[in-house]
Amino acid sequence: MAEDNLSADLIMEGLETRLTGQRVLYYPSVTSTNEVAKQEAGQGAAEGTVIIAGEQTRGRGRMKRTWLTPEGNIALSVVLYPDASALSSLIMLASLAVVHSIESVTGLETQIKWPNDVMINGKKVCGILVESDVRGGKVNYAVIGIGINVNLKPEDSPEIQTIATSLSGELGVEVSRFSIVRHLLVELERLYLTLSPGGSVYAEWRDRLITLGKEVKVTDGENIYEGLAESVDKEGSLLLRSADGSLKKIVTGDVTLRN
Ligand code: BTN
């Protein structure tokens with residue numbers, strides 16, 4: 001296997017970015033990289049500061065779920081200070097940065113399931129949690145948290161075995177976390193910087209969603225919606241056409257395909 005040391009110095013060495021990864025804090029074990037990143041942001045950490053962990057003991061997922069990060073996988077968070085107009089694009093650019101990085105390093109084909117699950121062969125390989133502090137219309141900070149199942153053995157975690165996969169599980173060999181992390185930091189920055197001069201990642205994100213054009217069920221807490229996933233708007237909401245012809249805008253939820 002290629003180099004797989006995740007030390008902060010190695011990650012930063014010769015990294016061709018202006019922001020992301022110019023400051024890296026590595027923790028062998030931490031509760032949640034998003035939690036640490038939010039503390040760092042609250043103290044004015046430099047934009048692009050990366051928190052990366054060997055393992056997380058209380059990793060957090062979307063919709064208040066737990067995210068498992070045993071050793072051998074990637075859990076990292078990036079501190080950003082975007083304009084309010086760029087906030088909704090962070091989910092899109094994060095999932096695109098992940099699919100580009102996985103495809104470059106491994107050659108595996110990936111898809112995005114709305115809103116930002118990265119999938120391989122119908123199973124989830126990466127989850128993304130964007131958290132932000134917004135007051136009076138101003139973004140104080142945003143944190144992009146990314147968890148990638150790199151060398152996870154799904155069979156060791158019965159609670160996710162049927163729905164999750166990992167890069168090594170797909171390839172049959174261990175994969176270098178180091179290579180994925182370096183690609184990811186470059187790609188995150190490249191896409192982030194396209195936003196400032198008025199660029200957009202919306203069209204590419206929309207076109208890579210496997211969800212669109214399918215009959216789906218969306219669960220958001222106690223609310224369940226069914227219909228045709230017709231499109232997504234520029235803020236990232238899902239536009240669902242119900243059987244009665246009405247169009248519903250859904251901001252958050254979990255999508256499953258209907259039989
Ligand atoms: C999801 O699909 O529910 C989102 C999972 C996000 C997990 C990552 S791992 C790094 C960062 N730290 C966390 O506690 N969560 C995110």
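In this predicted model, a polar side-chain atom of Lys-124 lies 2.6 Å from an oxygen atom of the ligand, a polar contact in the sense of a pair of N or O atoms within 3.5 Å. The protein covers 99% of the 420 Å² of accessible area that the ligand has on its own (Shrake-Rupley method, 1.4 Å probe). Local features need pLDDT of at least 70 and side-chain atom pairs pLDDT 80 or more, whereas totals for chains, interfaces and linings use all residues. Residues are numbered from 1 along each chain as its sequence is written, and side-chain values use heavy atoms, without hydrogens and water.

- A backbone N or O atom of Arg-60 is 2.7 Å from an oxygen atom of the ligand.
- For Asn-34, a backbone N or O atom lies 3.5 Å from a nitrogen atom of the ligand.

**Shell around the ligand**
- Among the 20 residues around the ligand, those that come nearest are Ser-32, Gln-56, Arg-60, Arg-62 and Lys-124 (a residue is near if one of its heavy atoms lies within 4 Å).
- The shell consists of six nonpolar, ten polar and four charged residues, with Asp, Glu, Lys and Arg counted as charged, Ala, Val, Leu, Ile, Met, Phe, Trp, Tyr, Cys and Pro as nonpolar, and the others, Gly among them, as polar.
- Strand 6 supplies the largest share of the shell, four residues.

**Overall fold**
- The chain contains six helices and twelve strands (DSSP runs: H or I of at least four residues, and E of at least two).
- The C-alpha trace of the chain spans about 55 × 45 × 30 Å along its principal axes.

Notes. Polar contact = N/O pair within 3.5 Å; in protein donor to acceptor, adjacent residues only side chain to side chain.
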